[in-house]
Amino acid sequence: MCGIIGYVGPKPASPVLLEGLRRLEYRGYDSAGVAVLQDDAITVRKKKGKIDEGIARTLADQPAPGTMGIAHTRWATHGEPSDENSHPHLDASGRIAVVHNGVIENYEHLKERLLDAGHEFQSGTDTEVLAHLIGVHYERLRDGDATPDLLNEAVSAALREVIGTYGIAVISSEIPGVIVGARRGSPLIIGIGEDENFLTSDSNAVVAHTKQVVFLNDYDVATVTAGSFEVHNLGTDTADVQISKLEFDAEDSQRGDFEHFMLKEIHEQPRTVENAIRGRIDSEGATARFGGLNMTPAELRSVQRIIIAASGTSWHAALIGEYIIEALAHIPVEVEFAHEFCYRMAPVRRDTLVLVISQSGETADTLMALREAKRRGHRALAIVNVVGSTIAREADGGIYMHAGPEIGVASTKAFIATLVCLELLAIHLGRMRMLSAGQATKTFKGLEALPAQIEQVLAQSDAIREIALKYAEADDFFFLGRGYSYPTALEGALKLKEISYIHAEGYSAAEMKHGPIALIDEKTPTVFLVPQDFMYDKTMANLEMIRARKGPVIAVASEGDEQIARIADDVIFIPKVRDELNPLIASVPLQLFAYHLAVARGCDVDKPRNLAKSVTVL
Ligand code: M6R
């Protein structure tokens, strides 16, 4: 949510910043801007709108020369998307420029104080207040010439007054060659180059330049020049600085020949499954093995209950995880929205393991749930995609998805990777309890067969598009299923609504008769998940209830099911798999259906309105 890139080195900064912004655009696309320093003067260019239509055009008409600068792509929190509210923001003197991710919660109080002191503001943002506050401390601390230490101290002093979250990059026109960055609750990373350095909120923005990075910790303040960087921590005064290596290439986050990142990522899913399984199956012991759970078998054996906390698509994966873990490991599982878990007073027994799930590893709600679980003294594990992310680093242990960069705002491959991790975890826990070697081996074999089966579904993309086109004018959709297909239906509905803006409700097929069926008519299509699993007959009975009310039905059904072909208006056939693997195959046609429908309606699939890839505000 919002993206920051800073550059200091020998190259012209604007093209480096612009390229970084393009790589960050999935993080926010309401507006974008740059501040570039040359000859003791900061040039600020900023523009409402997506990068290519906004800031890129502005820079082409009005270049910003210089070899160092900071840039930002915004997802609005305070103040509507507009040129004025775009970052960077300047202090009252115009010498200091700031870009900021996060929310300054006490900004109104700080603003009042500054207004009383005669400050005037150009925007409605909390970030401009922070810029002015840094400027006030800069003046107060100044003793002779401006130095890198002065900027660092002014930033540190301002941040001591701030309540809220921030990842910031700051420059002063009087201190060429220096960027100061700081973080609390919003990621910030130093990219270490050859005679050049970077500051960014997302390693995607720098991986084309360097794979050497330092993930800053909360309360770290960094001073970055072309040839050096120094970090201190506002809380402890010493900083834990570790250089990490990025394990993906710049090409991994390129769109290639696909029209959209979402489509590319849907098509990557056979590899996603393979990568999530690789090295994790112990065939001899008929169990799964993990390198980073950091729990002894005895500790895992003593777990009596699991709480899974997550948000959005990761929450849907968690719901499917509940079904899988309860079936394979017989451990009671409760799934919480991460934000609810943080703030309600749920009594949690001591023998409970908390598991959080997050693709980005930065979702603020999920991070808070992880911290709350740890504060209550629970062991807290995480399933995370982004290596080195805050959740990955703060969890007691966990499982990486190994899905590679996911750029499409609508999560697809990370969802599938999460489900693979949950299957493996369920087997790992189950084999410590009652799950037989034979049962575990059958699920392993099913998982290993999945990549080829997903390919089979992907090959039906054109046919799925034809079906989607038939329903492209519908205003409302239902997605229904039972058993494992119920949470899968929730995810199918989310995919459709977030990228096509069509109202879609995921529901339990059985629950419909208790009220929502009143909404069914000939204009309201239902996507019915009706694989031949343990719920088949009952789901078919629910399907008949929809047909009886003239609701059009698009069925996602098992290959060879002749009965469904006679009843449904349209059928997408999927390979027959074991019950607990159904969500991994049934989700794929739902992703394609949402994708084709959104494209047909002219929606910007990779940058849906009002959304951003990673939600780092509470
Ligand atoms: O990075 P996370 O998995 O923590 O993100 C959670 C949700 O914000 C995310 O899944 C969101 O719902 C996606 N837009 C769904 O496609």
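This is a predicted model: local features need pLDDT of at least 70, side-chain atom pairs count only at pLDDT 80 or more; totals for chains, interfaces and linings use all residues.

Visitor: What volume does the largest pocket have?

Guide: About 650 Å³. A pocket here is an open set of points on a 1 Å grid over the protein atoms alone, where a 1.4 Å probe fits, with protein on both sides within 12 Å along at least five of seven lines. The volume is the space filled by probe spheres set on the points, which are joined across faces, edges and corners.

Visitor: Which residues lie nearest its centre?

Guide: G312, E498, A612, K613 and V615, out of 28 lining residues; lining means having an atom within 4 Å of a point.

Visitor: And why does the pocket lie between domains 2 and 3?

Guide: Because domain 2 (255-455) and domain 3 (460-608) both give residues to the lining. Those bounds come from an automatic or database domain assignment.

Visitor: Which helices and strands supply at least two lining residues?

Guide: α9 (312-329), β19 (352-358), α11 (364-375) and α16 (485-500) each do. Helices (H or I, at least four residues) and strands (E, at least two) are DSSP runs, numbered from the N terminus.

Visitor: Switching to α19, how many of its residues are buried?

Guide: 17 of its 19, where buried means under 20% relative accessible area, exposed over 50%, and partly exposed in between (1.4 Å probe, protein chains only). Helix α19 covers residues 582-600 and should span 27 Å, and its end C-alpha atoms are 28 Å apart, which agrees. That expected span is 1.5 Å times one less than the number of residues.

Visitor: What follows α19?

Guide: G602 does, with a positive phi near 75°. In the segment after α19 you also find N610, which has a positive phi of about 70° although it is not a glycine.

Visitor: Is N610 buried or exposed?

Guide: Exposed, at a relative accessible area of 59%.

Visitor: Where is P88, and what is the peptide bond from H87 like?

Guide: P88 is in the loop between β4 (68-74) and β5 (89-90). The bond from H87 to P88 is cis, with omega near 5°.

How values were computed. Residues are numbered from 1 along each chain as its sequence is written. Side-chain values use heavy atoms; hydrogens and water are left out.
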